Structures are given as structure tokens and as C-alpha cells.
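Let us walk through this structure. We take one chain by itself, then the place where two chains touch.

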Amino acid sequence: MTARRFPSSVYGVGREPDARFTLANERTFLAWIRTALALLAGGVALEALGLGLQPQLRLAASLVLIVAGLATPVQAWFGWAQAERALRLDRPLPSARLALPIGVAVVAAGVLVLLAVVLA
Amino acid sequence: MGTARGRRLPAHPARGLPLPVHPACRRRDAGRRAVSGGGAEQADRTARPFDAGLQPERTALAWRRTALALTVGSLLGLRVLPTVLGDGPAAYAVAGLGVVAAVAVLVGAHRRYRRVHRLLTSSDHDRVPLGGGLLPAAVAALTLAAGVAALAAALARASGGAAG
């Protein structure tokens with residue numbers, strides 16, 4: 001199975017890593033994707049469920065979650081590509097760039113929702 | 001190449017674990033076994049998991065979970081998209097496309113796993129080229145599209161929808 005794989009920026013360098021590492025990288029990517037879908041669902045639910053919250057704060061919380069949900073699949077893809085390249089080149093793996101921003105986004109959304117509840 | 005020739009796959013505790021093998025493959029393997037007497041171990045290897053940690057199987061399950069999340073997201077869109085696209089068929093079409101795409105991911109993931117399993121069990125080393133980034137890229141693009149739809153829905157709801 002030596003057909004050219006996409007993207008060549010990843011598969012054109014280095015040599016094949018242990019299959020287990022490739023599979024683990026794939027699972028990590030999929031976990032980020034599911035996280036993104038959960039963030040999007042949360043953001044949509046805040047607006048779509050007709051909750052009796054302060055409107056502007058509720059919209060702000062919703063947008064914070066949705067923007068996080070938009071950024072996550074993008075970084076998930078690039079993170080997967082960088083990790084795969086690092087595995088092939090036997091270099092240290094990149095750190096999880098999404099972890100801190102998502103944590104901040106979720107906390108921010110939570111604070112906004114709390115305020116929206118209090119000031120409803 | 002640096003790989004250890006002659007290194008056997010580690011004996012794993014899953015000996016005899018019945019992996020769902022397609023009946024056609026089982027017949028074919030049984031036929032091969034009959035023809036080439038000493039090929040019993042080779043045929044057996046495809047019937048068992050490659051790795052005691054079940055990594056390919058866990059990856060296949062992760063793909064299924066993701067396809068499920070995409071399906072649920074598409075169905076959620078069915079409820080939410082009419083505020084953006086109106087009550088007409090447009091909303092149903094988009095949500096329907098999402099469901100079709102999620103099913104396509106499921107099918108693609110299944111084929112991916114079967115190929116990974118076949119490649120790994122038929123090789124005598126671990127550095128086997130597996131699937132590429134096409135399916136991951138498609139999934140990331142799909143999720144991004146869902147995000148755009150979510151943004152549109154939230155903004156439409158906030159500006160035009162029921163007050164408060």
C-alpha cells in the first residue's frame with residue numbers, strides 16, 4: 001500500500017511510525033472533533049431552546065461556544081498533521097494547542113450564562 | 001530499513017477471540033488453508049486482533065462515535081435550521097446532506113478499519129503504512145460546515161427570532 005497519501009506535507013517526509021502511534025493520533029483527532037460538535041451543540045442550544053435568560057449575555061455565551069467550536073476542527077486537523085509529521089521524523093510531539101483556549105472559552109461561556117441567569 | 005526481520009508478532013491473550021470476519025473471507029481463508037496445508041497460522045492471524053491493546057478496534061470505535069455525533073448534529077440542525085433557511089425544503093435538504101455525510105463517514109471508517117486490520121495482520125513488523133488524511137480532512141471540513149450553520153442559526157435566532 002504505497003499509494004500517495006494526502007497530504008504530501010505529512011507523508012512525504014520521514015518514515016512510517018509504529019502503527020499504534022498513528023492510530024493513537026487518529027483517535028486524538030476524532031476526540032477533538034467530538035469536542036467541537038459538543039461545543040457547537042451547546043452554543044446552538046443556548047439560543048434555540050428559548051431559555052429565559054438575559055438576551056445579550058445569552059447570545060454572548062452562545063457565540064463564545066460556537067466560535068470555539070469553529071476553531072476546534074481547524075486546529076484538530078493541523079494538530080493531527082503536525083503530530084503525524086513529528087512521528088514520522090522521530091521528533092517530540094507538539095503540545096495540545098487547543099487545550100487552553102477551549103478551557104478558557106468554556107469558563108467564559110459558563111460565567112456569561114451565570115450572569116445571564118442572575119440578571120434575567 | 002531497520003525493522004527486525006524474523007521478529008514474530010507478540011503472542012497476545014486474545015487467541016481465539018472471534019473477530020467479526022466476513023463470511024466470504026472466512027470461506028476464502030478456509031480454502032487457502034486446505035490448499036496450502038501449512039498456512040494455518042497465516043489464516044488464523046487475520047481472524048484475531050493484531051494488537052493486545054486492541055488499538056485498531058478502539059480507533060474504529062472512535063470513528064463510529066464521531067459518525068454518531070455528526071448524525072446527532074445533523075438532526076439537531078434539522079430542528080434549528082428552519083430559522084435560518086425558512087420553513088421550506090432547504091433546511092431539510094441541508095440536514096439530510098449532513099446525515100448522508102455522517103453515514104458516508106461511517107462506511108469509510110469501516111473500510112478503513114478492515115484495511116488496517118488486514119495490513120497489520122499480514123505484515124511481520126509494526127511500521128505499516130495505514131490510512132491517509134483524506135477521511136480526517138473530510139470530517140474536519142464537515143464539522144467546520146456544521147459550525148458555520150450553527151453560527152448562522154444562533155445569529156438568526158438572536159436577531160429575528162422570538163424576543164428574549
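Helices (H or I, at least four residues) and strands (E, at least two) are DSSP runs, numbered from the N terminus. On that basis, chain A reads α-α-α-α along its sequence. The count is 4 helices and 0 strands.

The model is predicted: local features need pLDDT of at least 70, side-chain atom pairs count only at pLDDT 80 or more, and totals for chains, interfaces and linings use all residues. Residues are numbered from 1 along each chain as its sequence is written, while chains are lettered from A and ligands numbered from 1 in the order in which they are written.

How is chain A proportioned? Its C-alpha atoms fill a box of roughly 60 × 25 × 20 Å along the principal axes. The radius of gyration of chain A is 19 Å, whereas a compact globule of 120 residues would have one near 14 Å. That radius is taken over C-alpha atoms, and the globule rule is 2.2 Å times the number of residues to the power 0.38.

Now the packing. Of the 120 residues in chain A, 43% are buried, with 20 or more other C-beta atoms within 10 Å of their own, placed from the backbone. Two residues are in contact if their C-beta atoms, placed from the backbone, lie within 7 Å. Take the contacts in chain A between residues at least 6 apart in sequence: 76% of them join residues at least 24 apart.

Next, the contact between the chains. Chain A brings 43 residues and chain B brings 40. On the chain B side, the elements giving two or more residues are helix 3 (55–80), helix 5 (89–121) and helix 6 (134–160). Helix 6 of chain B gives the most, 15 residues.

Methods: A residue is buried if 20 or more other C-beta atoms lie within 10 Å of its own, exposed if 12 or fewer, and partly exposed in between; C-beta atoms are placed from the backbone.
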